[in-house]
Amino acid sequence: MSDTALTLADLLCHSDHMSSRVQDASILHLDLDAFFAAVEQRDKPSLRGKPVVVGGLGGRGVVSTASYEARRYGARSAMPTAEARRRCPPGTAFLTGRYEAYRISSGVVMDLLRSVSPTVEQVSVDEAYVDLAAGGVDLSPVGLRTLGEQVLADIRTVTGGLTASVGISTSKMMAKIGSEMNKPAGVTLIAAGEELDVLHPMPVRAVAGVGPATAGRLRGFGVETVADLARIELADLVSIFGTAHGQALHDLAAARDTRTVQVDRIAKSVSAEETFKTDITDRAVLHTEIDGLTRRVAARLGTSATFARTITIKARWHDFTTVTRSGSLPHATGEPAVIAREARRLLDTVDATSGLRLLGVGVSGLTTHAQDELVLDGDGVVVEMDDELSASADPQPVREVTPSTPPQWRTGQDVRHTEAGPGWVWGAGRGVVTVRFEGPLTRPGPIRSYPLDETQLVPADPPDWREPSLRP
DNA sequence: TCTGGGGTCCTAGGACCC
DNA sequence: TCTGGGGTCCTAGGACCC
C-alpha cells in the first residue's frame, strides 16, 4: 500500500470489506454419514442395502452406529444393543467395530480436507471443521456450493464410496446445523444473514451445549424453540444456568458464535475404563483390573512423551450410581507402577462389597516433563527433591518423540521425500505433517500424512540440519 | 439381558496463604 | 475478640459431545 493519505472513502470501503469478511460463510463442517456402518458396507458388499449395527455385542453393549437401513427400524447410537436386536428384523448384521479400518479411512478424509485449507479441526473420527478463509477459497455462494459438492465427490473417490454431509456457514454452530439438515450426502449453505431464519424455528436441542438436562429445565420455563430461548433476558439465563452456560445460551440463541477452528488441541486427560460382563466383587480381581487399565493409560502417555500428576479412578455400581476419586502426586509420572499404586489406594476408599459394574483409571495434570517440580538453585542444580521421587523408579530418561533439532514443520515449506518425490508442507499439527507432493502442471499431487515422530521427510534445503538417524 | 468409552468444560466448596 | 477479603489449588460431580 502506498503512503498517500487515506481518504474517508478508503476507510469506509475498507471497513465495509472487513465487516463483510467477518460475516462471510467461511466455516465448513463435515460429518461422515453412518460412518462405522458405512465402512462395513463398503468392505463387505453383501451388507449393502441391509440393516447394519456396529457396537458392543455383549449383554451390556450399546450401539455405536446404525446404518440408515437399521435406523428405519428405530436403531440409534447409544441405544443398548439388546434393544436394537429387538427392533431390527432377522438378517440384520450386528458387528463389533474394526476401529483400525475406521481410523485409516478417517485419516484419508482428513488429509483431503487439509488439501482444501490447512486449518482443519478434527472433532472426532468422523467429524471436522474447516476454516475456508484460511484456505483462500472462493467464498461466493456459487463457489461454496461447488466446493462442497467437490469435497463430497472427492471423499467418495478416495475412500471407495463413503458419503459425507457438509454444512457451510458463518460459525461453527451454524455449519454443524447445516451438515445435519440434508443427510446423507447433502451440502447445505446457510449464508450470512440467513442464520436466524434457520435457527429460530428449531428445538432448543439444536443449540450447542443444550442436552437433555438443559432442555428439560428450559421446557419448565415454557421454552421449546430457539426463538423462545432468544427472548429470555441474559440476566435470567445467568441466574438459572450460571455465568458461563447462561452467557453461552444467550449468545448462541442469537447465532453469535465466535469459536474459531482450532488445529492443535492438546489433550488434557487420558483415561481407560471398562464395564464388566458381570459385576466384580473380589478386590484382588479389581486390583488386577486396575493394573490392566493403568497399562493402557501409561502406554498412551508414553507415545506422547507426556507425564501426569493427578490420578483419578471411576467406579460404578449395579444401580449405575457413579463416583470418582482423585489424588495428586508430588510430581508428574509416566510410571505404570506409580499410577497403579495410587489408583489402588483410591479404589480402596470406595465400597465394592456389593460389586462394581465399571472401573476406570484416568490421569490429568499432564506435562511433558516428568520432574516438574524440582526446586533448582540459580545454577540449575537440584537443591530439593521429594523422597518419594528419589526412591521411586521415576527418573527414567525422558523419551524424545519429536526431533529436538529442526525442522519445525511449517506450512509451505518445501520437502524432499524418497518415495513420492518433492512436495511441500500443507499442514503440521496433531502429531502429523501433511505433505502435498508435486503433481502434473494442471493437477495437484497426492496428499500424505506422516506421524511427526516417525517422519522421514527432509527439508528441501536444510540450513544446518542433517537427516536424523534413528533414535533408540 | 438397561444404559460403552473417550473426552471437555463448568461449578462449588474447602484448605491454605497473604 | 471479631471479622475481612482475594487468590490458588484441589476434589467431586454434573452436563454435554461424539
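Which strand gives the most to the surface near DNA strand C? In this predicted model, that element is strand 11, with 6 residues.

**Surface near DNA strand C**

- DNA strand C is surrounded by 18 residues, and Ser124, Gly211, Ala213, Thr214 and Val323 are the closest of them.
- At least two residues of this surface come from each of three elements: strand 5 (120–124), helix 9 (212–220) and strand 11 (322–333).
- Strand 11, with 6 residues, gives the most to the surface near DNA strand C.
- Sorted by class, the residues of this surface comprise 9 polar, 6 nonpolar and 3 charged.

**Overall fold of chain A**

- Chain A contains 15 helices and 19 strands.
- Chain A has 472 residues, of which 32% count as buried.
- Where contacts in chain A join residues at least 6 apart in sequence, 59% of those contacts link residues at least 24 apart.

**Position of Asp414**

- Asp414 belongs to strand 15, which covers residues 414–416.
- Asp414 and Ile27 are 387 residues apart along the chain, and a distance of 28 Å separates their C-alpha atoms.

How values were computed:
Residues are numbered from 1 along each chain as its sequence is written. Chains are lettered from A and ligands numbered from 1 in the order in which they are written. This is a predicted model: local features need pLDDT of at least 70, side-chain atom pairs count only at pLDDT 80 or more; totals for chains, interfaces and linings use all residues. A residue is near a molecule or strand if its C-beta atom, placed from the backbone, lies within 6 Å of it. Helices (H or I, at least four residues) and strands (E, at least two) are DSSP runs, numbered from the N terminus. Ala, Val, Leu, Ile, Met, Phe, Trp, Tyr, Cys and Pro count as nonpolar, Asp, Glu, Lys and Arg as charged, and the others, Gly among them, as polar. A residue is buried if 20 or more other C-beta atoms lie within 10 Å of its own, exposed if 12 or fewer, and partly exposed in between; C-beta atoms are placed from the backbone. Two residues are in contact if their C-beta atoms, placed from the backbone, lie within 7 Å.
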